[in-house]
Amino acid sequence: MSTEIKAMTTSQVSNFINTQRMIGSFIKMAKINTVSDESKAETNEIPSTKSQIELAHILQDDLKQISGLVEIDVDKNAVVTATFPSNVQGTNIPTVGLLAHLDIADDVPTDNIQPTIHENYQGGDLKLGHGTVIPASDLIEHIGEDIITTDGRTLLGADDKAGIAEIVEVLTVYSEHPELQRPNIKIAFTPDEEISRGCDFFDIQKFGADAAYTIDGSKPGEIENETFNAHMVKITFSGKDVHPGYAKGKMVNSLRALADFIARLPRDEAPETTSGRQGYIHPISIEDKSVSKSTLTMIVRDFDYEGSLNRIERIKQIAKEVEKLNMGCSIEVNVKEQYRNMKEAIDKKPEVVEYAKQGIQDSGLQVIDKPIRGGTDGSRLSLRGLPTPNLGAGGQNFHSLREFVTAQDMKKCATVIINTLSAWVRNLKK
Ligand SMILES: [Zn+2]
């Protein structure tokens with residue numbers, strides 16, 4: 001490697017970004033309701049909704065307009081992929097992936113999404129209409145910026161269409177500025193992230209990246225390389241139903257046992273009482289609600305894997321106590337691992353995080369390094385062998401009617417992506 005590259009200054013790289021074009025592409029995508037369908041989460045139907053296929057094909061057409069981009073493809077699961085080969089001479093040029101998801105969340109309505117730009121925001125509560133207000137406190141850092149919201153009725157879907165728009169803009173910038181040196185870039189837009197299915201069928205081998213970034217976080221400068229360890233625990237309480245008139249000494253009510261169980265769960269280990277790095281045990285639903293049988297589903301979350309196992313052990317202990325208390329009731333505990341903290345996998349390739357931090361700093365931003373109280377597609381990919389931390393895409397108030405993103409933040413996030421890719425090239429062994 002003989003290439004000597006100095007980091008371009010923020011202003012140089014960010015001047016290449018056409019914010020108007022990026023916002024235009026974001027708004028076009030935001031109007032397509034690509035909500036994923038939770039009811040299909042247990043099936044092999046990926047994508048779970050047709051609109052995601054529609055968006056995949058629109059993106060395929062858009063990518064075809066970018067000269068230099070090759071291997072543009074949409075597969076049967078609506079995964080969009082493309083390659084931008086490196087323009088750096090030498091061997092061992094790394095291949096870096098950029099990922100974002102096509103679907104949007106279903107927490108609030110998603111039909112007829114009407115993105116609106118509030119230009120040059122001057123402070124105060126932002127009234128979107130239909131009774132939805134973004135409080136001034138959420139917007140304090142955005143005075144003078146152009147804020148994109150909806151009309152207050154629906155989700156915006158900046159999670160994750162801001163990420164897609166930024167990736168498309170970055171590719172366009174590389175196409176227009178061949179003087180910007182880049183590693184081999186692989187991109188993928190994947191379906192069904194919000195129902196945790198998107199990357200199940202993602203072919204890591206075929207994708208062929210050494211590392212990747214999901215562009216699916218919030219503020220510019222954010223890097224997330226740690227997620228919860230996640231387990232689902234199903235507890236089945238089996239009792240005995242008898243006519244209540246003749247039940248004395250015979251009936252065993254599974255619902256009482258279930259209530260006893262929940263009452264014994266530690267209240268200071270719940271999502272509503274924890275934050276930061278604390279884990280929790282969270283009952284989420286009850287099925288088969290009858291005297292003879294009831295089933296409780298819980299999720300267990302902990303950043304520390306040992307910690308997760310300890311919580312599960314406590315659950316089993318409580319189940320035993322409750323069994324004793326409800327003579328004749330049998331309690332069965334079933335544990336299923338959902339995903340694991342991706343930090344362990346990412347730490348095997350520390351440069352993935354290091355180069356992103358350099359990219360953030362080269363963009364004139366503070367590194368915001370924080371654990372995710374949830375999972376990402378990146379956590380699943382990391383554990384399957386593709387280290388994939390998450391970078392900010394700019395959107396805030398995700399999954400709510402108050403969701404917003406600013407044009408300025410999207411520009412910053414796109415700048416971070418370019419500067420991160422530059423760091424990969426700059427750090428090549430000479
Ligand atoms: Zn997302």
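Biologist: Why does S51 count as partly exposed?

Modeller: First, this is a predicted model: local features need pLDDT of at least 70, side-chain atom pairs count only at pLDDT 80 or more, and totals for chains, interfaces and linings use all residues. Residues are numbered from 1 along each chain as its sequence is written. Now the label: a residue is buried if 20 or more other C-beta atoms lie within 10 Å of its own, exposed if 12 or fewer, and partly exposed in between, with C-beta atoms placed from the backbone. S51 has 19 C-beta neighbours inside 10 Å, so S51 is partly exposed.

Biologist: Where is S51 found, and what does S51 touch?

Modeller: S51 is found in helix α3, residues 50–64. Helices are DSSP runs of H or I with at least four residues, strands are runs of E with at least two, and both are numbered from the N terminus. Leaving out residues up to four places away in sequence, S51 touches I32, N33 and T34. Contact means that the C-beta atoms of two residues, placed from the backbone, lie within 7 Å.

Biologist: What makes I53 partly exposed?

Modeller: I53 has 17 C-beta neighbours inside 10 Å, so I53 falls in the partly exposed class. I53 is found in helix α3. Beyond residues up to four places away in sequence, I53 touches P47 and A78. I53 and L98 are 45 residues apart in sequence and 19 Å apart in space, C-alpha to C-alpha.

Biologist: What joins I46 and P47?

Modeller: A cis peptide bond, with omega at about 5°. P47 is found in the loop between α2 and α3. Another cis peptide bond joins D159 and D160, with omega at about 20°. D160 is found in helix α5, residues 158–176.

Biologist: Is N120 buried or exposed, and how do you know?

Modeller: N120 has 10 other C-beta atoms within 10 Å, so N120 is exposed. N120 sits in the loop between β4 (116–118) and β5 (126–129). The phi of N120 is positive, about 45°, although N120 is not a glycine.

Biologist: And H130, buried or exposed?

Modeller: H130 has 11 other C-beta atoms within 10 Å, so H130 is exposed. H130 is found in the loop between β5 and β6 (132–134). H130 has a positive phi of about 50° and is not a glycine.

Biologist: Why is α2 called roughly perpendicular to α12?

Modeller: Helix α2 (residues 19–30) and helix α12 (residues 407–426) pack at an angle of about 105°, with their axes 10 Å apart. Axes are lines fitted to C-alpha atoms, for helices over the stretch in contact, and angles run from 0 to 180 degrees between N-to-C directions. Angles under 35 degrees count as roughly parallel, over 145 as roughly antiparallel, 65 to 115 as roughly perpendicular and the rest as oblique. So α2 is roughly perpendicular to α12.

Biologist: Which residues make that contact?

Modeller: From α2, T19, M22, I23 and F26; from α12, A407, M410, K411 and A414. By class, the contact of α2 with α12 has 6 nonpolar, 1 polar and 1 charged. Ala, Val, Leu, Ile, Met, Phe, Trp, Tyr, Cys and Pro count as nonpolar, Asp, Glu, Lys and Arg as charged, and the others, Gly among them, as polar.

Biologist: What makes a group of residues a nonpolar core?

Modeller: The residues must be buried Ala, Val, Leu, Ile, Met, Phe, Trp, Tyr or Cys, joined through C-beta atoms within 7 Å. The largest nonpolar core has 82 residues, and L98 and M410 are among those with the most contacts inside it. A second, separate core of 17 residues includes V233, I235, L296 and M298.

Biologist: Which domains does the assignment give?

Modeller: Domain 1 (10–227 + 341–426) and domain 2 (230–339). The bounds come from an automatic or database domain assignment. Taken over C-alpha atoms, the centres of domain 1 and domain 2 are 38 Å apart. The contact takes 6 residues from domain 1 and 5 residues from domain 2.
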